[in-house]
Amino acid sequence: MTIFERSSDGRSAYTLPDEDSHGFALEDCLPEHLLRKDKADLPECSELDVVRHFTELAEKNHSVDKGFYPLGSCTMKYNPKLNEKTSSLEGFAYLHPYQPTSTLQGSLELMFRLEKLLCEITGMDSYSLQPAAGAHGELAGMLIVKKHFEKLNDTGRTRVIVPDSAHGTNPASAVMAGYEIVEVESSSEGIVDLDGLDDLLKEDVAAIMLTNPNTLGLFEKHICEIARRAHEKGILLYYDGANLNAIMGKIKPGEMGFDIVHLNLHKTFSTPHGMGGPGSGPVGVKESLADLLPVPRIVEGDGEYTLSEDYPDTIGRMRSFYGNFGVLVRAYTYISLMGSQGLRLASEMAVLNANYLKSLLSKMIPEGYPGICKHEFVLDGGKLVTDYKIKTLDLAKRLLDYGVHPPTIYFPLIVNEALMIEPPETESKETLDGYSEIVKKILQETKDDPEMVKSAPHTVGTRRLNEALASRQLKTRWKKEKAT
Ligand SMILES: Cc1ncc(COP(=O)(O)O)c(C=O)c1O
C-alpha cells in the first residue's frame, strides 16, 4: 500500500501555528507568481499512519542489519553504528556548504586528513574526494587520462583496454569520456591473458582499466609486468578500487604500478549503500597527474584550510560542492578507529571468509575458476541446470524464502550461470555454515518438490517478477487514479 492510499481527507500529523501567532501569512512573503494555484496533492495522514507505513516498508526490505547479504562485488558489510553517530554530530550535519570557509575549518581539516589517509592506504600522492560514486570516480579518472594526453599533445590515443571480466561501469565510464573500448580476454586461470594483452598494447591506447583482485576474486599476479609493459608504451594504468577491501593494509595499488585510482568509500570504508546512494568515489593520482584533479581542492597553509580553484590544468568540477560529506565523516571515523592493523585484519578476514564459504559451497556447485580466491568467488551454475534441473535464478529466488540474500547472479558474464559470492569480513563462521546448509537444503528440495523451487519466492512480499517487463516498462511513479 502506498502512503497515498493511506491518505484520508483532512487528516494531519501536525498543527502549524496560525497566521495570527506569528503576525504574517506565508502568502504575503512570496511573490504572486510563485504561489501555487491548486492545493498540492499530498497524502493526508496521521503521525501514526506515517510511522506504520515506513516501518512496514523497512521490514519488507532485506538489509545487512537484518540478515546475511553476500552480494558479490557489492561488499555489503556491517557498518559500525558509531560511524552514524559521528556523521550526524550537529557540527557536521548542520553545516551549509555556502558558509564562509573560516567557519568550516573542522570539516575541511577532516577532509584534508582523509585525503592523506587514502594516499597512505593506496600509495598515491593526491586525492579528490569530490566524485559521488565509484562510477563517477571512474569518469573523473578517465577525464584525467584524457587531459594528460591533451597536455602532451598526444592526440592519437582513442582507446581504453578493459578485461572481459570487468564491472560494467568500467567500459561505460571510458565511453562517456570519449574512448573506444578494446576488450582483453581472461586466460584459463581467470586473470588477464598477458599474450593477448601484448597484442593490444598499441600507440592508440590511452589506458588500461583493471581491478585487482578482479571480479572473479582472483589476484592479477602479473600486475607489475602489466604495468611495466603499459608504461613502456606511454599507457596509463587505472585501478578500479572497488575491490580494495581484499588487499588494504597488505599491498598498495600505487606499488603495483597504478597511476590513477578510484575507491568506493561506501563499500570498503563502511558506509551503508545500495538503493542509489549516497556514495563516494574519491579519485587518487600519482604526483605527475595531481594538477589535473577536479577542483576545488582543499589547501592547507599556516594551519588554515581553504578551497582553491587555482589549478589551470584541472579537469574541472565533477559535482556541486565537495563530495557527499556524511560518507566522508564515516570513512574517516572507520579508518581512524581501525588503524593500519585493523584494516589489514579486515582484508584478511574477508579473504578467509570467502575461501571458507567457497570450500563449503564448491562441494555442491563447482567453482568458476579453481584455486585460492581473495574477498569473493564465482561458482559455475551449469551443474544446477544439468543435475538439479533448475537455473541459477531459481536458487537465488528460493534463498529469499530462507531470509538470506542471494549472491549476485549472471555476472561476471564469462562464467556460465554465474553465482558471485562475497561474504564480507564482518560475518561469523556460524552464518557461513548456515548459508551452506540452506543451499544444501534447496538442492534437496529440487529433487523432492522441483516446482516449489522453480516458483519461489513464497514467503516474501513480492512473488517472482517479470524482470524483462520491468526493465522495458519502467514505472517509478505512482499515479493517483482519477475519480470517476
Ligand atoms: C568492481 C566494481 N567497480 C565499480 C563499481 C561501481 O561503483 P558504484 O556502484 O559506486 O558506481 C562497482 C560497484 O559495485 C564494482 O563492484
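A note before the figures: residue numbers start from 1 along each chain, following the sequence as written. Because this is a predicted model, local features need pLDDT of at least 70 and side-chain atom pairs count only at pLDDT 80 or more, while totals for chains, interfaces and linings use all residues.

Figure 1. Let's start with the overall picture: the secondary structure comes to 18 helices and 12 strands (DSSP runs numbered from the N terminus, with helices being H or I of at least four residues and strands E of at least two). Along the principal axes, the C-alpha atoms fill a box of roughly 80 × 70 × 45 Å. Of the 484 residues, 39% count as buried (20 or more other C-beta atoms within 10 Å of a residue's own; exposed means 12 or fewer, partly exposed in between, with C-beta atoms placed from the backbone). Among contacts with a separation of 6 or more, 70% come from residues 24 or more positions apart (a contact needs C-beta atoms, placed from the backbone, within 7 Å). The chain is divided into domain 1 (19–60), domain 2 (84–337) and domain 3 (340–471), with bounds from an automatic or database domain assignment. The centres of domain 1 and domain 2, over C-alpha atoms, are separated by 41 Å.

**Figure 2. The shell around the ligand.** Here 15 residues surround the ligand, and the closest are S73, G134, A135, H167 and A242 (near means that the C-beta atom, placed from the backbone, lies within 6 Å). The shell holds four nonpolar residues, 10 polar and one charged (Ala, Val, Leu, Ile, Met, Phe, Trp, Tyr, Cys and Pro count as nonpolar, Asp, Glu, Lys and Arg as charged, and the others, Gly among them, as polar).

**Figure 3. Helix α8 and its packing.** Helix α8 spans residues 169–176, and its buried residues are T169, N170, P171, S173 and A174. These pack against helix α7 (134–151) and the strands β2 (159–163), β3 (180–184), β4 (205–210) and β5 (236–241). Just after the helix comes G178, with a positive phi of about 100 degrees. Have a look, too, at the loop between β4 and α10 (223–232), where P213 has its place. The peptide bond from N212 to P213 is cis, with omega near 0 degrees.

Figure 4. Strands β8 (residues 297–301) and β9 (residues 304–308) pair in the antiparallel sense over five bridges (pairing needs at least two DSSP bridges). R297 has S308 of β9 as its bridge partner. Two residues lie between the strands, and D302 in this hairpin takes a positive phi near 55 degrees. D302 counts as exposed, because it has 4 C-beta neighbours inside 10 Å.

Figure 5. Three strands make an open sheet in the order β10-β12-β11, with antiparallel pairing. At its edges are β10 (377–379) and β11 (408–409), each pairing on one side only. β11 pairs with β12 (residues 419–421) over two bridges, and the bridge partner of I409 is L419. The loop between β11 and β12 holds A418, as well as P412, whose peptide bond from F411 is cis with omega near -5 degrees. A418 counts as buried, because 24 C-beta neighbours lie inside 10 Å. Beyond its neighbours within four places in sequence, A418 is in contact with G368, V378, G381, I409, Y410, F411 and P412.

**Figure 6. Helix α15 and its cover.** In helix α15 (residues 392–401), the buried residues are T392, D394, L395, K397, R398 and L399. Their cover includes α14 (382–388), β11, β12, α16 (429–448) and α17 (450–454). Leaving out residues up to four places away in sequence, I442 touches L395, R398 and V453. In the loop between α14 and α15 sits K389, a residue other than glycine with a positive phi near 60 degrees. Just after α15, G403 has a positive phi of about 80 degrees.

Note on methods: Contact = placed C-beta atoms within 7 Å.
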